[in-house]
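My notes follow in the order in which I checked things.

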Amino acid sequence: MSRPIVAVVGRPNVGKSTLFNRIVGRRVSIVEDTPGVTRDRIYAEAEWNGIHFDLIDTGGIEPASSDVILAQMREQAQIAIDMADVILFVTDGKEGITTTDEEVANMLRRTGKKVVLLVNKIDNPRKIPDNFYDFYTLGIGEPIPVSAVNMLNLGDVLDEIVNAFPETESEEEENTKIAVIGKPNVGKSSLVNALLNENRVIVSPIAGTTRDAIDTPFEWEGEQYLLIDTAGIRRHSKVNEDIERFSVLRAVASIERCDVCLLMIDAAEGLTEQDKKIAGVAHEAGKGIIVCVNKWDLIEKETNTMRDYARKIAGELLFMSYAPIIFISALKKQRLQEVMKTAKAVAETRALRISTGQLNSLIADATLMNQPPADKGRRLKIYYAAQVGVKPPLFSFSINDRELMHFSYARYLENKIRDAYGFTGTSIKFIFRERGEKE
């Protein structure tokens, strides 16, 4: 099941980013940065009382502004609002209500979504300013006095957020979900249309809730799939700064909902920083990933063109070397069968379980071939290992000292597991616990 989404919105300079950082800083487990990927801090996973959700930061909203950059920030905020389950509307308690606040409130009321109104910069809870009560007139609900800097009432805010989340439906056996992701103008729409035309058995499209996507069930070789179309992302003319953030933002929700991502890359343009960011999102989410190099029919080829191109991509995406690379032409429907065959295999391998006996036998052989590292006379000992999760595969290791588990040895163990069981197209995650440590 996908995590709920919370958007932080408001006009400029009311403390949205400070609030965002405070909430994210309260996470129990922080996802570490992916090597080789520079991520914009526009979203992050947060947690409160065991409930995980995605938090989206936005630029300040200036509803009536014609300035290109402010209009762009407004669009970014609108995307976040469309995606969100809950909206945090941040205002400035020192400055009081402005015309912009009223316009933003009108925008939010029209969404029909749960809005939590925060009056920020109330640094002294004993001295609530008189203008605080004016915020009731926005018609959003009861305002909550907060201080993002001093973390005043942050717990109350988080309680309000999680209580507003929609109830989680019980998980049922679902069709494999495939999301087509990538930056603008790489051929996502063409691939979606080609796959649907190729497979011919199409159920009526279903509106993709508020996640800015269209879900289309279809059948391939007798099995049911759900195609998540995120092709509505378009680059706007004359808007250059931060426009790439939009496509990453929209990709987040679709990635969170899917089993397998088809990461589209323009063969003529090559791998860009934006491609790497979107790839990093899918990798960190533990989704299946297939790199689809589109428009391959337009590339002039020599004997080793495909091999050299694949090596170059693999070299720039070292953090997800497990991802297969397929060269396609969505327009000419080249290698679409290979795409679907690979997607099916990746979905199956994400759900693969290894028995504890087989896994420990493999680890024992691996440690005999390559001794665990040692430091100051102490050598790493691996007492046992077990697979404790799937989608993505998750392995727990009981060891003597976590500091002795060097990342290079963990990578060695991962490679041994992959050599034996494949796990093509999916990340593998490890947990290292010292003996006696509680889960």
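I began with burial: of the 439 residues of the protein, 52% count as buried (under 20% relative accessible area; exposed is over 50%, partly exposed in between, with a 1.4 Å probe and protein chains only). This is a predicted model, in which local features need pLDDT of at least 70, side-chain atom pairs count only at pLDDT 80 or more, and totals for chains, interfaces and linings use all residues. Residues are numbered from 1 along each chain as its sequence is written, and side-chain values use heavy atoms, with hydrogens and water left out.

Next I looked up the secondary structure, and found 11 helices and 18 strands (DSSP runs numbered from the N terminus: helices are H or I with at least four residues, strands are E with at least two).

I then turned to helix H9. Arg350 has its place in this helix, which covers residues 336-350. I compared the span of H9 with expectation: its 15 residues should span 21 Å at 1.5 Å a residue, and the end C-alpha atoms are 21 Å apart, which agrees (the expected span is 1.5 Å times one less than the number of residues).

Is Arg350 buried or exposed? I found Arg350 buried, with a relative accessible area of 3%. Other buried residues of H9 include Leu336, Val339 and Met340. I listed what Arg350 touches, leaving out residues up to four places away in sequence: among them are Asp259, Gly286, Val390 and Thr426 (a contact means heavy atoms within 4.5 Å). A polar atom of the Arg350 side chain lies 2.9 Å from the backbone oxygen of Gly286.

Last, I searched the whole structure for salt bridges and noted 16 (a side-chain nitrogen of Lys or Arg within 4 Å of a carboxyl oxygen of Asp or Glu).

I looked at the pair Asp101 and Arg11, whose closest N and O atoms are 3.0 Å apart. Asp101 lies in helix H3 and Arg11 in the loop between strand E1 and helix H1, so the pair ties together parts that are 90 residues apart in sequence. Both residues, Asp101 and Arg11, are buried.

I also noted Glu223 and Lys344, which meet in a salt bridge at 3.1 Å, N to O. Glu223 is in strand E10 and Lys344 in helix H9, so this pair ties together parts that are 121 residues apart in sequence. Glu223 counts as partly exposed at 34% relative accessibility, and Lys344 counts as partly exposed at 23%.

Terms used
A polar contact is a pair of N or O atoms within 3.5 Å; within protein, one must be able to donate a hydrogen and the other to accept it, and residues adjacent in sequence count only if both atoms are side-chain atoms.
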